[in-house]
Amino acid sequence: EALSDLVRSMPKAELHMHIEGSLEPELIFALAERNGVTLPYASVEDLRRAYAFTDLQSFLDIYYAGASVLQTERDFYDMTWAYLERAHADNVLHTEIFFDPQTHTERGIGFPIVIGGIHRALTDAQKEWGLSASLILCFLRHLSEAEAFATLEEAMPHRDKFIGVGLDSSERGNPPEKFERVFARCRELGLHLVAHAGEEGPPEYIYTALDKLHVERIDHGVRCLEDPVLTARLAREQVALTVCPLSNIKLRVFDRIHDHNILELLDAGIAATVNSDDPAYFGGYVNDNYVALFESLPLTRDHAYRLARNSFAAAFIDEEAKAAYL
Ligand code: HPA
Ligand code: ZN
C-alpha cells in the first residue's frame with residue numbers, strides 16, 4: 001500500500017510509449033465521428049472486446065486499424081494531449097514518445113500533419129506544466145529498407161522536432177540488420193538510436209541491434225536473460241532496457257505478472273526501466289505498470305528508487321538536466 005503510493009508519486013521519466021497506442025476507444029469513436037469514418041465496431045464496448053490479443057501480430061492488426069481514424073493535425077494534437085495529461089497525472093517529468101509516420105503516410109496523411117499535431121501538443125505541455133517531451137520516429141520493420149529511407153527523407157525538413165529513431169512492428173522475421181544502412185545514415189545525422197529487440201524475437205536480435213545498428217537503448221529486451229553472456233554484457237555496458245510489464249502480459253511474453261522477469265533483470269545489474277508501451281490497449285499508463293509489478297513481485301523501496309533513477313539516467317536529455325533529476 002505504502003509502496004504503491006511511493007511508486008505512484010515519485011517523479012519518473014517514460015521512455016517507451018507509442019503515441020498511437022495511447023488512442024483510447026472513446027477517442028477512436030469520437031474521431032471517427034468527427035471525420036465521417038465508419039468503424040467495423042458497433043460501440044466502444046464492442047471495440048474494447050476486440051482487445052483480446054494472443055501475440056504481437058494480433059495486437060498490431062488492431063492497433064493499425066485504430067490509427068486509421070487519425071486524419072487532421074487536430075486529431076494528432078488531441079491524441080497527444082490526452083496522453084500528456086495522463087503522463088502528468090502519473091508524475092512523469094520527461095517523456096520520449098514514439099510515433100509511426102508510415103502508418104499514416106501510407107494512408108495519404110502528410111508527414112507534416114502527423115508531426116505538426118503531435119509536436120504542438122508537446123510544446124503546450126512544456127508551457128502548461130514544464131513537462132519535458134521529445135519525439136522518436138519509428139520505422140515499421142515489416143516494411144522495406146527503401147521505405148524507411150523514403151520516410152527519413154520526408155522527415156528531414158522537420159529534423160528540429162524529433163531527437164531519434166527507433167524500430168517497431170512485427171519483430172520475428174524482421175531482424176535489426178534489415179535496417180543497418182538506414183541506421184548508419186541516422187547515426188551520421190546525429191540522431192539518437194533505439195530499437196525494439198528481444199520482445200518476441202530471440203536474444204540474437206539484441207546483439208544485432210547493438211552491434212549492427214549501434215542503438216543506445218533496447219526497447220523491451222526481456223528475452224536477454226536466455227543468454228547469460230548477453231545479460232552480463234548489458235549489465236557491464238549499462239545498456240538500458242525499456243521494459244513494458246502490462247504489454248508483456250497482454251501479448252503473452254509472460255503468462256502472468258507474477259512471472260515477469262523485471263526483478264531478475266535488476267538483480268543481474270541491468271538498467272531496466274518501467275514504461276507503458278501502448279497504454280490504451282494494454283490496460284494502463286505508466287503508474288499502472290509500476291503498481292502491477294510492486295503488488296505482484298517482492299520489489300522494495302530501493303527497487304522503486306532504482307527504477308526511477310534508471311529512467312532519468314537513460315533519457316536523451318543533456319547532462320545538466322539529468323543531474324537535476326537524479
Ligand atoms: N512491439 C512492436 N511494435 C509495436 C509495439 C511493440 O510492443 N507497440 C507498438 N508497436
Ligand atoms: Zn513498443
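Predicted model: local features only at pLDDT ≥ 70, side-chain atom pairs only at ≥ 80, totals over all residues.
Hi everyone, thanks for coming. Let me start with the rings. The structure holds 14 aromatic pairs. One of them joins Phe53 and Phe282: the geometry is edge-to-face, with 6.1 Å centre to centre and 90 degrees between the planes. What does that pair tie together? Phe53 is in the loop between α3 and α4 (56–67), while Phe282 belongs to helix α14 (residues 279–282), so the contact links parts that are 229 residues apart in sequence. Phe53 and Phe282 are buried.

Now, Phe282 has another partner, Phe59. Here the rings are tilted, at 4.7 Å centre to centre and 50 degrees between the planes. Phe59 sits in helix α4 and Phe282 in helix α14, so this pair ties together parts that are 223 residues apart in sequence. Phe59, like Phe282, is buried.

Which residues make up the cluster around these pairs? Ring pairs link Tyr51, Phe53, Phe59, Tyr63, Tyr64, Tyr281 and Phe282.

Lys12 has its charged end over the ring of Tyr290, 5.5 Å from the ring centre. Likewise, the charged end of Arg159 sits over the ring of Phe162, and there the distance to the centre is 5.8 Å.

Last stop, Thr38. You'll find Thr38 in the loop between α2 (25–35) and α3 (44–49). Is it buried or exposed? Thr38 has a relative accessible area of 75%, and the cut-off for exposed is over 50%, so Thr38 counts as exposed.

Technical notes: Residues numbered from 1 in each chain as written. Chains lettered and ligands numbered in written order. Heavy atoms only, no water. Helix = DSSP H or I, 4+ residues; strand = E, 2+ residues; numbered from the N terminus. Buried < 20%, exposed > 50% of the residue type's maximum accessible area, 1.4 Å probe, protein only. Phe/Tyr/Trp six-rings, centres within 6.5 Å; stacked < 30°, edge-to-face > 60°. Lys NZ or Arg CZ within 6 Å of the ring centre and 35° of its normal.
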